[in-house]
Amino acid sequence: MTKLITLTVFVLSALIFTAGCKKKPVYDTNYSTPVKVYKDKPVKFPDFELTYMGQRENPAITPGGTRFTELLYDFKIKNEDEEKTVSWANSVGIINPVNFEIGGNKFVIELGYSSKIKMDLDEDVIVITKETK
């Protein structure tokens, strides 16, 4: 009987120990969550790593011939297999999301306002949404 109690206590202790040692996620944030980005500081999402590379100005012309300067926000997106640069544009005051694909999945970057989570976003805050197939 003592052996049975000892074995039971041992098995229960082992189960409690292994349950408490769950592996932490290897990413910083999840999708559809506002996250503040800093220049050259990577943010790990479940499927890729995103690095805000900064802003740049791009001279542009409207279809009507009016010249303006477009402000671009550049992001480096990479996973184990590929790397690409995605740019979000603040063109003529229109806030539109940017679609991109990596690893066979489709994603959306939103700045300024997120239509996915229905909220205004502070400066340098983005929302990444993973599109469902």
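**Before selecting anything**

Residues are numbered from 1 along each chain as its sequence is written. Because the model is predicted, local features need pLDDT of at least 70 and side-chain atom pairs count only at pLDDT 80 or more, while totals for chains, interfaces and linings use all residues, and side-chain values use heavy atoms, with hydrogens and water left out.

Colour the protein by pLDDT, the predictor's confidence in each residue on a scale from 0 to 100. The mean for the protein is 84, and 79% of its residues reach 70 or more. Select helix H1 (residues 2-20), where confidence is lowest at a mean of 57, and then strand S2 (residues 42-44), where it is highest at 96. Helices (H or I, at least four residues) and strands (E, at least two) are DSSP runs, numbered from the N terminus. Where pLDDT is low, the predicted coordinates should not be read in detail.

**First stop: an open sheet**

Select strands S1, S10, S7 and S6, which in that order make up an open sheet of 4 strands with antiparallel pairing. At its edges stand strand S1 (35-36) and strand S6 (98-102), each with a single partner strand, so one side of each has no neighbour in the sheet. Two strands count as paired if DSSP finds at least two bridges between them. Zoom in on S1 and strand S10 (residues 125-130), which run antiparallel and are joined by 2 bridges; here Lys36 has Val125 in S10 as its bridge partner.

Is Asn79 buried or exposed? Asn79 is buried, with a relative accessible area of 17%, where buried means under 20%, exposed over 50% and partly exposed in between (1.4 Å probe, protein chains only).

Show the side chain of Asn79, which reaches the backbone nitrogen of Asp81 at 2.8 Å, and then the backbone nitrogen of Glu82, which lies 2.8 Å from a polar atom of the Asn79 side chain. Leaving aside neighbours within four places in sequence, Asn79 is in contact (heavy atoms within 4.5 Å) with Asp47, Phe48, Ile102 and Gly103.

**Third stop: aromatic rings**

Show the rings of Phe, Tyr and Trp (its six-membered ring), which pair if their centres lie within 6.5 Å; planes under 30 degrees apart count as stacked, over 60 as edge-to-face and the rest as tilted. A search of the whole structure finds 10 aromatic pairs. One of them is formed by Tyr73 and Trp88, an edge-to-face pair at 5.3 Å centre to centre with 65° between the planes. The pair links distant parts of the chain, with Tyr73 in strand S4 and Trp88 in strand S5, 15 residues apart. Tyr73 is buried at 13% relative accessibility, and Trp88 is buried at 4%.

Now select Phe100 and Phe107, a stacked pair at 5.4 Å centre to centre with 20° between the planes. Phe100 is buried, with a relative accessible area of 6%, and Phe107 is buried, with 1%.

**Last stop: salt bridges**

A salt bridge here is a side-chain nitrogen of Lys or Arg within 4 Å of a carboxyl oxygen of Asp or Glu, and by this rule the count comes to 5. Begin with Lys130 and Asp47, whose side chains meet at 3.0 Å, N to O. Lys130 is in strand S10 and Asp47 in the loop between S2 and strand S3 (49-61), so that this pair links distant parts of the chain, 83 residues apart. Lys130 is partly exposed at 32%, as is Asp47 at 27% relative accessibility.

Go on to Glu49 and Lys78, which form a salt bridge with their closest N and O atoms 4.0 Å apart. Glu49 lies in strand S3 and Lys78 in strand S4, so the pair ties together parts that are 29 residues apart in sequence. Glu49 counts as buried at 18% relative accessibility, whereas Lys78 is partly exposed at 31%.

End with the salt bridge between the side chains of Lys84 and Glu82, at 4.0 Å, N to O. Lys84 is partly exposed at 27% relative accessibility, and Glu82 is partly exposed with a relative accessible area of 31%.

Conventions. A polar contact is a pair of N or O atoms within 3.5 Å; within protein, one must be able to donate a hydrogen and the other to accept it, and residues adjacent in sequence count only if both atoms are side-chain atoms.
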